[in-house]
Structure formats: structure tokens, C-alpha cells
Protein chains: 2
Amino acid sequence: MGIVDRKQRQKEEVRSSILDTAWDLVVTEGWHSFSIRKIADAIEYSVPVIYSHFENKDAILLEFNRKGFRLLAETLAAAKAGHTDPADQLRAMGRAYWNFAFANKEYYQLMFGLGIPTCETVIKIPAMQQFNEVIIGSIIAMVPQGQQPAFDPFLKYQSFWSMLHGLVSINMSRLNVEQNESHGHHEGLPLKVLEDVLCSFIRGIQAAGLPAEN
Amino acid sequence: MGIVDRKQRQKEEVRSSILDTAWDLVVTEGWHSFSIRKIADAIEYSVPVIYSHFENKDAILLEFNRKGFRLLAETLAAAKAGHTDPADQLRAMGRAYWNFAFANKEYYQLMFGLGIPTCETVIKIPAMQQFNEVIIGSIIAMVPQGQQPAFDPFLKYQSFWSMLHGLVSINMSRLNVEQNESHGHHEGLPLKVLEDVLCSFIRGIQAAGLPAEN
DNA sequence: TATCTTTGCTAACACCGTTAGGTTAAATAC
DNA sequence: GTATTTAACCTAACGGTGTTAGCAAAGATA
């Protein structure tokens, strides 16, 4: 009775081909080519077949979103594994985050909604937990236990992420390209800003615990 | 011969009503209601009338974009004017930036492309110059002239902006809401992160000039 | 072989941005 | 005051989108 198995397998294959083809369309032709009809055309099935695999267009996006966060979490974990000193780990993760964003531009844009239609839905991604755990781990490791009672690693994690995301998204949306040029800077500036931001952050933790003096 | 004047005035009125009505639609019904047809319906004109005032849909968005940056630049300038100490100015501008973003969510989303369709076009906004000048001014003022020869205010400005934008956009897209809750944090955390980030940044400038030790 | 279930299709609905072409009203010229 | 030109405006269409109802054909089961 392997018939039902084969059917299951074939169905899974169609599902995969939908996702693969859709992603291929996005990467090669941009987000404007991400349409149900174009996917259906590419996989040589009719439009309603796609709706038998995914509830709607957003469900496909959600799938990519999940995969994106999984990839990012893995990337950060790998970068962290290369070092033992927590400060080095944070630096490496910061650079890895940056590299991931620009090596996987489409994923990053999808994950953080830079100019993508229909990302209204609040998303629940399990891999995000792994993403923040790996960062918070290094942050906690930087401050000797009990030395800074008021120290909040989760707060520092949010600062860290905010800085990185801001840096990436501003550079990705090209909002600062003309500015860089008008200020006579060459194209290496964003990386310098990255290092500057990482340096400030790590110094801020090393001298941590003090609340804002205002 | 005031006829041509009246016509000019009437044309200007229609143009304004397009912009006002469109913005009203966005604020009350969200970005998904921002459509040429809905605008035309609301102003009680036919669709092509809109195209006689704006080249296309993006041109209307560009108009909002300009206004958004103008508003933001004014807000920052006002915040800066309330203080004389550069560090205080930066802190005030940081808080003003945050407040602007959440008081004018739709503007901020449009300006920085959080989930808005059709913002592919690279934008040239004159008010952005004012925006960065007002920030860079305070940054330069913090470091006594000639004391740090390798100090780059423009680099620091980008760090500052990146941190703020990252913080805002992560909080705005609700990506961290569930995280905050799962870590047992109340709703005041984002503001604490803001203060933490501002504090780190200002300390980083006060002890500036040193390159990253790696 | 006959019945039933699954699978996939065509065709439609209601939107969208954009534009060609024609109609009506206003302004000018005679 | 009438005729002509010009500007303003609308209807209707084109090609695109997400989504779904209803039907035909192929497969599996009895």
C-alpha cells in the first residue's frame, strides 16, 4: 500500500517546488515578480494548486521568514563558536550579522520588512528564540556573575540588535549613499561605522552597570 | 484677468485635497487603503484627474516623504535648541527622534520603508541635509577642536542614526514584543533601551578617538 | 465494471495602476 | 452674439494582482 506514500511524496515535491521557484523568482527578478500567478506559471501548474498547499500569499512569505531566521541564527552560532572570549564573540557575531544581511539581501528584506508588500501579519518565528539566546549568552559571559546587580543582559541584547539592524537597513535602503558621497567618503565607510558601533557597545558593557547620568 | 489666477488656485486646491485625502486614508485605514482609485473616490473626481497632478502613485509617496523629513528635521532642531551642552543636545535629539517616530508612525514607516509597497525608487530628499547637519553639529561640538585628529563626526553621525533607527524599527514592527513578554519585561523596556543606547553613544564620543582594539 | 475520491483546471470576482479617446464646458476670437 | 479653440474631465479599457467557485478528468476502491 505504498500508493498513499507516493502521493504524499509527490505532494511534498510540489510544495517544495513552489517554495524553490518562488524564491528563485524573488532572487532573479526582485520582489515585484513574487506573484501567485507567476509562481504557478513557472511550476507549470494552475493557480489553485498553490492554494491547496498554502493558505494564501502571506503563508509563503512566512515560510521564507522562518527559513531566514533559521539561517541567521545558524550563522551567528557559527561565528560565536570561533571564539572563546565573549567580547570577541560579540564582535564576530556583529560582523556575521552584517555579512548575512548583505549576502542574503532578499531574506533580510523579508525578515525586517524593507519595502515588501503584505507583511502586516505579526509573525511568530521559533528560530528567533535561538537568535537571541546566542547573543545574550555572550553578553552575560562578559560581566562576571554578581558583579553588576543592576545589569540587564536582555536590555543590552536589544541595544546590540538595534544598532546592527539600524546600520544594515540604512545602508541597504541606500538612504545614506548620497550622503556618503556628498561628504567625500569612499565606499568603505559603512564597515568603519560597523566597527565603531561594535567597539562602543563592547566598551559600554565592560564599563557597565552605571545608569544614564540623567 | 484674474481668471487664470482663479484657475491656478483651484488647481492647487485639488492638488492639496489629493494629498490631504490620501494621508487621511493612510492614517485612518492603513497603507492598504492607499490607492489611486480610493483617493479619486474620496475627492469625488475621476481617476485621471489625479494623474494630471502627479506623475504616478510613487510621486504622491515622494511628496509625503519630503514632508516627513521636513517634520523630523524641524523636530530635531527644536529639541536641540532647548540645550546648550552638546551631550544634552544629543540626548534630547535622540528622545525627540524616538517620539517623532511613534507620534508619526505613518510618516516614519513611509520614510524608512517598513512594509510599504513601491518604495523601490531611490529618493532624493533635500531636508535630509538639514537632518544630518543638526546632528553632526552637536557631535562636533562635543570634541574640542584638534584634540582628536582621527575623529570623524560623520561616522559618529551614522552610528547615532543607525542606533536610533534600529531601535525604532524593531519596536515598531513588533518583532520584539513577544520577546519582551517572554523575558518577563514590562512595557517600559524600549525606553530603557533608548536611554542605554544614548548613554553608550555619548560616552563613546567623550572617550573618542581610540580605534577598535582589534 | 461501476462508484467514489482526489486532483487539477477554467473562469470568474473584485481589486489594482495606468492611459487612450471622446465629451462637455469654459475662454477666446471674430 | 456667434464660432472656434482650448482646457477640464469622464468613461472605458488594458493588463496585472489575490482569491475562489464549480466542473472535468483521472485515479483508487468496491
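Predicted model: local features only at pLDDT ≥ 70, side-chain atom pairs only at ≥ 80, totals over all residues.
Chain A comprises 10 helices and zero strands. Read from the N terminus, its elements follow the order α-α-α-α-α-α-α-α-α-α. Of the 214 residues in chain A, 35% are classed as buried. Among contacts of chain A with a separation of 6 or more, 65% are accounted for by residues 24 or more positions apart.

By class, the residues near DNA strand D are nine nonpolar, three polar and five charged.

DNA strand C is likewise surrounded by 17 residues, and the closest are Ser46(A), Ser35(B), Ile36(B), Asn56(B) and Lys57(B). Here, at least two residues each come from helix H1 (3–29) and H3 of chain A and from helix H2 (36–43) and H3 of chain B. The surface near DNA strand C divides into nine nonpolar, three polar and five charged residues.

In chain B, Glu44(B) lies in the loop between H2 and H3. Although Glu44(B) is not a glycine, its phi is positive, at about 60 degrees. Glu44(B) is also exposed, with 9 other C-beta atoms within 10 Å.

Arg37(A) is located in helix H2 of chain A and counts as exposed, with 10 C-beta neighbours inside 10 Å. Between the C-alpha atoms of Arg37(A) and Arg70(A) the separation is 28 Å, the two residues being 33 residues apart along the chain. Asp20(A), in helix H1 of chain A, is exposed, with 12 other C-beta atoms within 10 Å. The C-alpha atoms of Asp20(A) and Ile43(A) are separated by 9.6 Å, and these residues are 23 residues apart along the chain.

In chain A, helix H4 spans residues 57–81, and its 25 residues reach 37 Å from the first C-alpha to the last, close to the 36 Å expected at 1.5 Å a residue. The buried residues of H4(A) include Ile60(A), Leu61(A), Asn65(A), Gly68(A), Phe69(A), Leu72(A) and Ala73(A). Thr75(A), Leu76(A), Ala79(A) and Lys80(A) of H4(A) are buried as well. In chain B, helix H4 (residues 57–81) has 25 residues and extends 37 Å between its first and last C-alpha atoms, close to the expected 36 Å. Buried positions in H4(B) are Ile60(B), Leu61(B), Asn65(B), Gly68(B), Phe69(B), Leu72(B), Ala73(B), Thr75(B), Leu76(B), Ala79(B) and Lys80(B). An α-helix has 3.6 residues a turn, so residues three or four places apart point the same way.

Asn99(B) was examined in helix H5 (residues 86–103) of chain B. Asn99(B) counts as partly exposed, with 13 C-beta neighbours inside 10 Å. The C-alpha atom of Asn99(B) is separated by 27 Å from that of Ala59(B), and the two residues are 40 residues apart along the chain.

Further along chain B, helix H8 (residues 153–172) packs with helix H10 (residues 189–206) at an angle of about 170 degrees, and the axes are 11 Å apart. Because an angle over 145 degrees is counted as roughly antiparallel, H8(B) and H10(B) are assigned to that class. On the H8(B) side, the contact is made by Lys156(B), Ser159(B), Phe160(B), Met163(B), Leu167(B) and Asn171(B). H10(B) contributes Pro190(B), Val193(B), Leu194(B), Val197(B), Phe201(B) and Ile205(B). The contact of H8(B) with H10(B) comprises nine nonpolar, two polar and one charged residues.

Methods
Residues numbered from 1 in each chain as written. Chains lettered and ligands numbered in written order. Helix = DSSP H or I, 4+ residues; strand = E, 2+ residues; numbered from the N terminus. Buried ≥ 20, exposed ≤ 12 C-beta atoms within 10 Å, placed from the backbone. Contact = placed C-beta atoms within 7 Å. Nonpolar A, V, L, I, M, F, W, Y, C, P; charged D, E, K, R; others polar. Expected span 1.5 Å × (residues − 1). Near = placed C-beta within 6 Å. Axes fitted to C-alpha atoms, helices over the stretch in contact; angles between N-to-C directions. Parallel < 35°, antiparallel > 145°, perpendicular 65-115°, else oblique.
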